[in-house]
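Please examine the sequence and the three-dimensional model shown below.

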Amino acid sequence: MAAQNTQIGSYVLYLDQTDSTNDALKHWLEKEALPHGAALHTAHQTAGRGQQGSQWESAPAQNLLMSIYLKPSFLKAEEHIWLNLSLSLAVRQTLQAYVNEPVQIKWPNDIYIGHKKICGLLLENTLQGNKIKYCIAGIGINVNQSVFAEPKAISLAILLGKEVPLNLLRNQLFAQLTHYFQLLQAGSRNALWEQYHKHLYGKGVNARFSDAEQTFEGMILGIDSRGRLHIEVADEIRSFANKEVTLLNLLEDR
Ligand code: BTN
């Protein structure tokens with residue numbers, strides 16, 4: 001079998017406007033057999049989707065709104081965490097090239113600078129048997145928007161005081177996505193694990209959380225191989241799946 005071309009972004013469809021790039025990519029896939037790494041990029045979404053059924057707001061032509069078709073067919077369904085690690089690290093690294101302050105990953109895959117969110121990922125996996133057949137990875141990066149309704153949002157332009165060319169950022173992102181996907185494919189899990197924990201927002205810092213029952217104080221220790229977040233609460237270590245816990249705020253500044 002021929003080795004899979006792991007270059008991401010060599011096949012790109014650009015649309016002036018669409019509902020959601022994740023949904024538009026699904027429709028594109030119904031019409032055409034896409035190669036791994038195909039990307040759908042738009043200037044404006046009329047129904048941008050965020051995690052947990054939320055909306056993703058983005059001013060027209062200001063931000064990077066894109067979905068990528070990935071085929072990590074070497075990953076078992078329960079290993080989806082590794083794709084999450086690779087993609088978050090690729091976005092993080094791309095943005096780190098622009099700013100001096102640390103770019104961090106807020107579990108599981110929000111990208112933060114300071115205490116504000118600059119990027120969100122929406123990963124939608126389709127399984128075949130116990131393998132990941134493909135993933136549609138939606139990426140929304142706040143780039144040139146200067147005003148947000150959401151107080152926790154920030155953009156590169158706000159941080160830099162100048163605009164960033166979207167196509168340049170897009171190509172830099174493609175390069176990092178290619179690099180981190182290759183690391184994943186090569187089985188470099190230790191490197192991905194270490195980097196994710198090095199850049200994990202709130203790790204080792206006292207913080208306030210909420211779960212379904214209460215708010216509580218604790219300290220993030222890290223994630224486990226299933227992607228669950230481990231938090232030290234009093235003398236106990238509690239673990240949470242995605243959506244079971246929210247980090248409200250850090251209680252110390254780091
Ligand atoms: C989040 O809630 O943090 C995830 C946001 C994901 C937004 C991106 S923008 C491009 C892609 N298309 C969508 O509809 N959502 C993702």
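The following paragraphs treat the aromatic pairs and then the ligand.

This is a predicted model, in which local features need pLDDT of at least 70 and side-chain atom pairs count only at pLDDT 80 or more, while totals for chains, interfaces and linings use all residues. Residues are numbered from 1 along each chain as its sequence is written, and side-chain values use heavy atoms, with hydrogens and water left out.

A pair of aromatic rings is described by the distance of the centres and the angle of the planes. Here, rings of Phe, Tyr and Trp (its six-membered ring) pair if their centres lie within 6.5 Å; planes under 30 degrees apart count as stacked, over 60 as edge-to-face and the rest as tilted. The structure contains seven aromatic pairs. In one of them, the ring centres of Y69 and Y134 are 5.3 Å apart and the planes stand at 50 degrees, so this pair is tilted. Y69 belongs to strand β3 (residues 64–70) and Y134 to strand β7 (residues 131–141), so that the pair links distant parts of the chain, 65 residues apart; helices (H or I, at least four residues) and strands (E, at least two) are DSSP runs, numbered from the N terminus.

Y69 counts as buried because its relative accessibility is 5%, and Y134 counts as buried at 16%.

Y112 and Y201 form another tilted aromatic pair, with 4.9 Å from centre to centre and 45 degrees between the planes. Because Y112 lies in strand β5 (residues 110–113) and Y201 in the loop between α5 (189–198) and β8 (206–210), the pair ties together parts that are 89 residues apart in sequence. Y112 is buried, with a relative accessible area of 4%, and Y201 is buried at 5%.

Ring pairs also join F209, F216 and F240 into a cluster. Over the ring of F216 sits the charged end of R238, 4.9 Å from the ring centre; this description requires NZ of Lys or CZ of Arg within 6 Å of the ring centre and within 35 degrees of the ring normal.

Which residues are closest to the ligand? They are S20, Q45, R49, Q51 and K117, among 20 residues that surround the ligand, each with a heavy atom within 4 Å of it. An N or O atom in the side chain of S20 is 2.7 Å from a ligand oxygen atom, and one in the side chain of K117 is 2.6 Å from a ligand oxygen atom.

Methods:
Buried means under 20% relative accessible area, exposed over 50%, partly exposed in between (1.4 Å probe, protein chains only). A polar contact is a pair of N or O atoms within 3.5 Å; within protein, one must be able to donate a hydrogen and the other to accept it, and residues adjacent in sequence count only if both atoms are side-chain atoms.
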